[in-house]
Amino acid sequence: MTPIINKEEIIKIGNRFGFEIVKICSPKQFTDYEKIVKERIRAGLYPEELISYEEILKDVETYANPYNSLPDAKSIICMAFCYYTMEQTDLTKPGEPHGVLARAYQRDVYGEKHRREKQYAELLHKKGIKVAKRNLIPRKMAAIRAGIGWQGKNSLIITEEFGSWIALSNLIVNIELEPDNPLSKDCGSCQSCIRACPTSAIQAPGVINVNKCIDYLTCKTGVIPQKLRDKMGNRLVSCDCCQEACPYNKAVKFIKKDIPSIDPVYRHSPALLPLLSITEDDFRKYYLDCEFLDPRSESLQRNVIIALGNIGDPIAIPILQKCLKSTKSILREHAKWALEYIFNFKTN
């Protein structure tokens, strides 16, 4: 059966599922992806643990070629899902230290995006279009090729209307659709994101030293390097510093969008002190489904301890002193640092 559907209808369906931008690009191989990733791995810009479990880094050759996802691919539908909603980022006040979560994790952004993407694919399938079951492609490069946006100096895709407050999706299909053109735009001489990065992780325009990026540090396993701890502030999950500094992002208006809330006790600028006594059962109930976090409570609590040290509120001293007697060495080490940092605040 030959599907009877045109590009305009494809776009309207995508918009109906909540993807604000829908564009098309060709499925030709992303030859630059393989070259760039391998060069950055050789340069040590990706941590070893990330390379070992991040499939897109571990299997570069597969991801560089969309035909590995769908042998008879003819087009890639590229979508942008805006998530810039009204949540207040930081609820900290004297005597009540709270953590900060990047906006993409303040609601179930990625879960909702995946659900809508699946519904989009199922509808296209019902219309006789074959859709790849897995989209093994570099999403940023596809978005650039399709004209969704351009790559900012912080490596994120920036759109004209929604800045970089977007999550990217793709559907690889077996129908020929007229491709869109890449945008002839860039960030010009702007250095705002580079200056704003707390850890100087933006090594060059579009090049991130992931070892220093707070997005990675908050979800990694093990010890956080001491020289980076005071740069993390009270961030528990990821970081928006480079996005908040971007002039394009400052112009984006809040949107009303039905993105499911996540338990506010644990996810939306959560109070820090209770998290240091979270049970393993509660951790597994509220956090284990999150791909961005190491599936052990000690990594979350490590971030909490660093956040308490950086906030410097004396109310945290008793519970941090209790952490010095923890059975987990990682909590003892970070608690010692946090207490020294707080007392240094007081003496200064």
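The radius of gyration is taken here over C-alpha atoms, and the rule for a globule is 2.2 Å times the number of residues to the power 0.38.

**Entry 1: overall form.** I noted that this is a predicted model. I put the 348 residues of the chain into the rule, which gives a radius near 20 Å for a compact globule. The chain has 22 Å, so I wrote down that it agrees with the rule. I then looked up the extent of the C-alpha trace, which spans about 70 × 40 × 35 Å along its principal axes.

**Entry 2: elements and contacts.** I found 17 helices and nine strands in the chain.

**Entry 3: inside and surface.** How much of the chain counts as buried? I got 53% of the 348 residues. The chain exposes about 16,900 Å², and I noted that carbon and sulfur atoms supply 51% of that area. I also looked up the charges: the mean positions of the 50 positive and 42 negative ones are 2 Å apart.

**Entry 4: helix H15.** I picked out H15, which runs over residues 297–311 and has 15 residues. From its first C-alpha to its last it reaches 21 Å, close to the 21 Å expected at 1.5 Å a residue. Why do I call H15 largely enclosed by the rest of the structure? Because 14 of its 15 residues are buried, where buried means under 20% relative accessible area. Just after H15 I came to Gly312, which takes a positive phi of about 75°.

Terms used:
Residues numbered from 1 in each chain as written. Predicted model: local features only at pLDDT ≥ 70, side-chain atom pairs only at ≥ 80, totals over all residues. Heavy atoms only, no water. Helix = DSSP H or I, 4+ residues; strand = E, 2+ residues; numbered from the N terminus. Expected span 1.5 Å × (residues − 1). Buried < 20%, exposed > 50% of the residue type's maximum accessible area, 1.4 Å probe, protein only. Areas by Shrake-Rupley, 256 points an atom, 1.4 Å probe, with all protein chains shown as cover. Lys, Arg positive; Asp, Glu negative; His and termini not counted. Charge placed at Lys NZ, Arg CZ, Asp CG, Glu CD.
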